[in-house]
Amino acid sequence: RIEKQISRFRGWLPRKPMKLDKETLPDLEENDCYTAPFSQQRIHHFIIHNKDTFFNNATRSRIVHHILQRVKYEEGKNKIGLNRLLSNGSYEAAFPLHEGSYRSKNSIRTHGAENHRHLLYECWASWGVWYKYQPLDLVRRYFGEKIGLYFAWLGWYTGMLFPAAFIGLFVFLYGVTTLNHCQVSKEVCQATDIIMCPICDKYCPFMRLSDSCVYAKVTHLFDNGATVFFAVFMAVWATVFLEFWKRRRAVIAYDWDLIDWEEEEEEIRPQFEAKYSKKERMNPISGKPEPYQAFADKCSRLIVSASGIFFMICVVIAAVFGIVIYRVVTVSTFAAFKWALIRNNSQVATTGTAVCINFCIIMLLNVLYEKVALFLTNLEQPRTESEWENSFTLKMFLFQFVNLNSSTFYIAFFLGRFTGHPGAYLRLINRWRLEECHPSGCLIDLCMQMGIIMVLKQTWNNFMELGYPLIQNWWTRRKLRQEYGTQRKTSFPQWEKDYNLQPMNAYGLFDEYLEMILQFGFTTIFVAAFPLAPLLALLNNIIEIRLDAYKFVTQWRRPLASRAKDIGIWYGILEGIGILSVITNAFVIAVTSDFIPRLVYAYKYGPCAGQGEAGQKCMVGYVNASLSVFLVSDFENRSEPTSNGSEFSGSPLKYCRYRDYRDPPHSPVPYGYTLQFWHVLAARLAFIIVFEHLVFCIKHLISYLIPDLPKDLRDRMRREKYLIQEMMYEAELERLQKERKERKKNGKSYHNEWP
């Protein structure tokens, strides 16, 4: 009976809801034929039903562009090509046309698609199909292989985020469910008799440790027993993602006839040709003379470019230094604020405002970096367009990565690490006391930094990607209505309608890739501190795919179709981020979180010391053991708080506590490091070494075990090669037999004929 009910319930559900309906969209079906590079001499080997539609529109546009790039428009040495006519202002723009309107009065299910643009809009760019797979073959047919590969990679990355987001959410929910059983947060919330030392000079008051109860509970949500497992999982996930992308790319390359495709020898950039036209040498491949850049000239330009990169990284560090000064100055200001809400949460207010200011600085510096990277790349004088693109990509990624993550690295590894102790604080320029961590730890600051930056950055990027072109196109349409009227505007030819759309970014897919690669860095590098990062990335990418699709189909002019075998230099950058993520997560767990100090206490100093246990009962007394005692009379004059702490016990405080492992003030060496400090330090270093080696071994093992080509694809390729050889042999045999028959008819015969 239960099985019948389940089968009836399944009958109500749609079958394979994520797949596109090929019956109502027959244009998505691909002919299952063997392919080969087209050759006019072997045209009889190709199945051609209609010569006008044999090449798709993307290929036809590429052929036309190839011709226009090489046609001579005037007598002279360099009077060749469409690009020169565009650069000297003879033409305003050159672009392939869209295939009509993307909207239709009739339903696509009853009347079918009017053109491929309309079909793409209905089954790809429309928000109603956000849960369906992408029609990658149709995207490739309309926009070319390079853009098709980008959307294939983006779809694969988004799909691989599902397990990472699920495990990250599980880690967060595990923290929620175990919150009431966490001994550390219980002790913090019940520590009404423990008075903490002020976290800033003068205006910050003494505070009960129990006042940070909320922050201790929030910290446990992200820093719990499942965090280490999740960090290992994400390191392995990054490797699995890249290895399986190689396999997916191989399948796509085979289906799209890119396996044996090799890029033509690239033409020299006109700028390079103009600069070095006086010096020429023979090209070893073509045997023709070409401009030559001397080795000394190339080295000097690279040195200047590297110096520029180093200077801009120093600018980033200076900006982070400014944020640090802001934090140490404003924490005292907020502590003396007249509003009780801000005064009582001065450290959180400082962190929140610092992150927002940091985000604004990031966005402003990004504009500057683009101009500097463009200048330095042109200064290097790359020989070909691909060399120029790779050089520019590397610079922009380096700038943006350092710009986006420098303050996060500061919070993760430097905040609260070099502050000294009460009575002997380390100061910035011997004036400002360095910022301390919250009594509940520094992880809450890192979580806030990552959460705010990630949400703001993704929101801003989505607005700039779609909102900005929408506003520009709306303004253009408004001007056209005022100038020509509504009736005249609707009768515009297609080229004029497309001309009024926004051109694609001058750097091609660079901005799209850069946004996703930086997000990948956020998702993997500090994921141990913010397990919800993969979930935020997944939600953003589901929107991002449809935003990009809508932008390409409706808001941009149709880009020129181009071919590519893979995602280029971005794959190497992804591998580098994967390696960096292992190192950073090891340090986050060992240095930023309290995982190692708790482990040392449980096995060495707690109630279960020497018993080989580490449960919650073994953490009793951990909070008290992690705090040191300070004699209030030992405060420096400039650090002494304005209040004497009499509001807590009715009399001035004699002692306060602070986070560190130091001896009490009356010991033989006052405020010296305790043995527990050295045990914790040794355990941290040991954990970093073991974690890194273990994860790197797992990564290399996975890379070795997963082949780059799926077995069925390898078999298909061998089968196709065998069938093509058979077909070519039969075709050649048939041709020779025909020739032999013709010779016999003509009375000609030869000895030793074959076959």
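Me: Is Glu 380 buried or exposed?

Reply: This is a predicted model, in which local features need pLDDT of at least 70 and side-chain atom pairs count only at pLDDT 80 or more, while totals for chains, interfaces and linings use all residues. Residues are numbered from 1 along each chain as its sequence is written, and side-chain values use heavy atoms, with hydrogens and water left out. Buried means under 20% relative accessible area, exposed over 50%, and partly exposed in between, with a 1.4 Å probe and protein chains only. Because its relative accessibility is 13%, Glu 380 counts as buried.

Me: Which helix holds Glu 380?

Reply: Helices are DSSP runs of H or I with at least four residues, strands are runs of E with at least two, and both are numbered from the N terminus. Residues 346-380 form the helix that contains Glu 380, namely H14.

Me: Is Thr 239 buried or exposed?

Reply: Thr 239 lies in helix H10, residues 227-255. Because its relative accessible area is 6%, Thr 239 is buried.

Me: Which residues does Thr 239 touch, not counting residues up to four places away in sequence?

Reply: Contact means heavy atoms within 4.5 Å. The side chain of Thr 239 makes a polar contact of 2.6 Å with that of Lys 699. With residues up to four places away in sequence left out, Thr 239 touches Lys 699, Ile 702 and Ser 703.

Me: How far apart do the end C-alpha atoms of residues 302-328 lie?

Reply: An unreviewed UniProt entry lists residues 302-328 among its spans for "transmembrane region"; such annotations may be inferred rather than shown by experiment. In the model this span is 100% helix and 0% strand, and its end C-alpha atoms lie apart by 39 Å.

Me: What share of the residues of the chain count as buried?

Reply: The secondary structure of the chain comes to 26 helices and 10 strands. Of its 755 residues, the share that counts as buried is 45%.

Note on methods
Polar contact = N/O pair within 3.5 Å; in protein donor to acceptor, adjacent residues only side chain to side chain.
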